[in-house]
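Biologist: Can you walk me through this one? I'd like to start with what the terms mean.
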Amino acid sequence: MRDSHRAIIQHLITKLENLRLKPVMHFELEGMYRTRNNTTIDFSSINNSLKSLGILGTLKKEYWPFQWEFVSDFLGQSPLREADSLAQAMLHIPKLFAQQGAEKVFLCPVVWQATKAKYLPESSVLFGNNNGMVHVPNAIQINISVLDSNKNNLMAESPLGEWVQFHLLKQSLACCLLFLPENDAFRRLQLRSLFGLDAELSSPFELSGGHQGSIALYREKGKHNQLMGQEPLLINSKAEVIAYIQDWRKTSRVEHRLGATSALYDPYLNTIFILLAVLDAVADWQQSPTEPTSFVDCQLPTTLTNSVGEAGAIELFEQEGWFATQIDHYCQDMAGEKNHSIGNQVKQHYLRMIKRHASHNHSQQELWN
């Protein structure tokens, strides 16, 4: 199905280009690694290998010890190229870590019992030893901007940002199977309450919520109320930045931070999900150039499959009608797709894959020890 997914993405991009709009997307992917005998990982060498493979992104150290993050390059690449890069990164990063001596690379929502290095609140020391094990969560984040024909970022210059945020909030509940494809993805969402990680996950609004929520529109200020778009202007002899310039309009974006790292995560389907929401947002914005007057609450389920009194992510996706319908709506003029419901084909193929995996893997817990 990958060729079909890529064709749909390109067709959705063309739909936006016909409106003289350019969608820009970036992924961020977290994971962990384990080494024997404290082997040192050369991240710069891995990044050189990523570049040689044509992957547009950089690997860096993340919050917890042994946690890494893959961050897309901000080069204005198309969403299709971005999906290709993430798919290739997920394939090659474990191999590149192994070449550096890593024993195990984790592409999963939670790495259980991963570290004892807990955050020390109100301390100059970031981490301290603690007898209790910490379960480390891993996220996938998508950043979305839309440029006009003059390369102006419409997330900054118009209410389109609010419309994109509105449609992502509106559709994320029923479509959460796309970015939460396994059981531990839902355990990740409950780590603060289940495992006492309030200090480490200090966001006031849910996991990774920041100060503006988990589907957030950022303009002048970012996730932690920091100024957006700051770039070094003057650096002293100690390599310390002493003056900045700021252009927050370039970096204005909507961030979708509900996704969980998983080997089952499909960058192409999630790119389709984002582009459908953007197209719906553009249609509403063009009809009503003011921002939406109300927002919706995206209260995600707590399970992959049904539990007592609660529909799971699989059932919600089976019952929803937007994803397949909007693929058909926007792709009805795509070559070879007349009289075919390609949207339903894409949806049913994904459901079969997830159900097959769920039936054989009741728990995806990865134990560090």
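Modeller: Buried means under 20% relative accessible area, exposed over 50%, and partly exposed in between, with a 1.4 Å probe and protein chains only. This is a predicted model, where local features need pLDDT of at least 70, side-chain atom pairs count only at pLDDT 80 or more, and totals for chains, interfaces and linings use all residues. Residues are numbered from 1 along each chain as its sequence is written, and side-chain values use heavy atoms, leaving out hydrogens and water.

Biologist: OK, is Cys-108 buried or exposed?
Modeller: Cys-108 is buried, because its relative accessibility is 4%. Cys-331 is buried too, at 1%.

Biologist: How many disulfides are there?
Modeller: The count is 0 disulfides, taking a disulfide as a pair of cysteine sulfur atoms within 2.5 Å.

Biologist: New topic. Where does Gln-171 lie?
Modeller: Gln-171 is in helix H5, residues 160–172. Helices are DSSP runs of H or I with at least four residues, strands are runs of E with at least two, and both are numbered from the N terminus.

Biologist: Is that residue buried or exposed?
Modeller: Gln-171 has 9% relative accessibility, so it counts as buried.

Biologist: What is it in contact with?
Modeller: Setting aside neighbours within four places in sequence, Gln-171 is in contact with Phe-273 and Trp-322. Contact means heavy atoms within 4.5 Å.

Biologist: And which residues of H1 meet H9?
Modeller: Among them are Ile-9, Leu-12 and Leu-16 in H1, while the H9 side includes Leu-275 and Val-282.
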